[in-house]
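Please open the model in your viewer and keep the selection panel at hand.

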Amino acid sequence: MAAVRAELARGLISSPARLAPKYFYDALGSRLFDAITELDEYYPTRTEAAIFQSHAQAIAQLVPADAVWFDLGAGSCAKAASLFDAMRPGAYVPIDISVDYLRGSVIALQERHPSLPMLGLGLDFSSSLALPEEVDRWLGDHQLRLAPRCVFYPGSSIGNFMPTDALQLLSQVHGVCAGGADGSGLLIGVDLVKDTAVLEPAYDDALGVTAAFNRNLLRHVNRLLGSDFDPSKWRHLAFFDPHQSRIEMHLVAEEAQTVNWSGGVRHFARDERLHTENSYKWTVAGFEALLREAGFRLTRCWSDPRDWFGVFWAQA
Ligand code: AVJ
């Protein structure tokens, strides 16, 4: 797509060069991310799952039953599906940038939940969450226009957004929730600030899976843009910046090199960086303030015994 190529080229010719983290997730990148979630060092996925497990009853008391669930970045739909028994959704609307992958997930899930209405949407909500008109029509067809809504955004994907962009996205999410019945809200997982000695290995693991995940971005960009990145000439760099409260991931040029694509070229000096990801870490108080600024009136947070990860319910 021309817009994708334009966005990629714009980032590459910027100084410092940057690529958006949403491009990590081609077929191999999604598998590498799944592998990351199994690493000892990468605590967020299993910590969040444990919070949902231990607090399922308390969460289910706030999330209205029969709500229409909007699952942002649904992928395999596995996280939402694991909550269906406890949360009793009335309909399921998974949204993901990768339509092809989502289609397969929805078909498989529909077989296990034949009477739950489902509508899969291929949508890149990273710059704006505008639901297509199709959604309103579909909700109407199923008598769900006035049903309560639950926007589900697990996994601390919100961490990829700078605070100002996170506020904008959460304000749009608030708009989606406010379109439903009273009691509608957002159920979101957020990684919390903690010791650098815990944070950094989570993004620079001993097996080098995260390094492969980071470098794989170049293979994906080569296919999308027709560029000629040589992944073997780039090394993985990840560190926590406590002032901005974020993990930064970069690729560092091992030697001077020129990258070409149709209509563009970028020279990289040796040791020059290509910024590939920010992963912001929030405090409970900081994230609750953000939710209120986005328009949510009531917030609740559940966390693990070490306070490493937070699951927030924010009522519109
Ligand atoms: C999917 C954005 C939550 O920031 O922890 C994992 C992505 N990057 N290891 C994160 C990621 C490197 C992940 N999120």
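Begin where the domains meet: 13 residues of domain 1 are in contact with 12 residues of domain 2, two residues being in contact if their C-beta atoms, placed from the backbone, lie within 7 Å. On the side of domain 1 that touches domain 2, select helix H10 (196-202) and strand S11 (273-280), each of which supplies at least two residues. S11 gives the most to this side, with 4 residues. Helices (H or I, at least four residues) and strands (E, at least two) are DSSP runs, numbered from the N terminus. By class, the residues of this side of domain 1 divide into 6 nonpolar, 5 polar and 2 charged. Here Ala, Val, Leu, Ile, Met, Phe, Trp, Tyr, Cys and Pro count as nonpolar, Asp, Glu, Lys and Arg as charged, and the others, Gly among them, as polar.

The model is predicted: local features need pLDDT of at least 70 and side-chain atom pairs count only at pLDDT 80 or more, while totals for chains, interfaces and linings use all residues. Residues are numbered from 1 along each chain as its sequence is written.

Now colour the two domains. Domain 1 comprises 2-39 + 198-280 and domain 2 comprises 43-194 + 283-315, with bounds that come from an automatic or database domain assignment. Their C-alpha centres lie 27 Å apart.

Next, select the ligand and its surroundings. The residues around the ligand are Ile36, Pro44, Gly155, Ser156, Ser157, Gly159, Asn160, Tyr203, Thr210, Glu277 and Ser279; a residue qualifies if its C-beta atom, placed from the backbone, lies within 6 Å of the molecule. This shell divides into 3 nonpolar, 7 polar and 1 charged, and draws at least three residues from each of domain 1 and domain 2.

Of the 58 residues in the largest nonpolar core, Trp69, Phe70, Val151, Phe152 and Leu186 touch the most other members. Strand S13 (residues 309-315) gives the most to this core, with 5 residues. The core draws at least three residues from each of domain 1 and domain 2. Such a core is a set of buried Ala, Val, Leu, Ile, Met, Phe, Trp, Tyr and Cys residues joined through C-beta atoms within 7 Å. A residue is buried if 20 or more other C-beta atoms, placed from the backbone, lie within 10 Å of its own, exposed if 12 or fewer, and partly exposed in between. Centre on Phe70: not counting residues up to four places away in sequence, it touches Val93, Ile95, Arg149, Val151, Phe152 and Val176.

The peptide bond from Ser15 to Pro16 is cis, with omega near -5°, and Pro16 lies in the loop between helix H1 (2-13) and strand S1 (17-18). Cys77 has a positive phi of about 65° although it is not a glycine; select it in the loop between strand S2 (68-72) and helix H5 (78-81). Cys77 counts as buried because it has 22 C-beta neighbours inside 10 Å. Asp307, also not a glycine, has a positive phi of about 55° and is found in the loop between strand S12 (298-303) and S13.

Finish at Thr258 in strand S9 (residues 257-261). Is Thr258 buried or exposed? Thr258 is exposed, because 9 other C-beta atoms lie within 10 Å.
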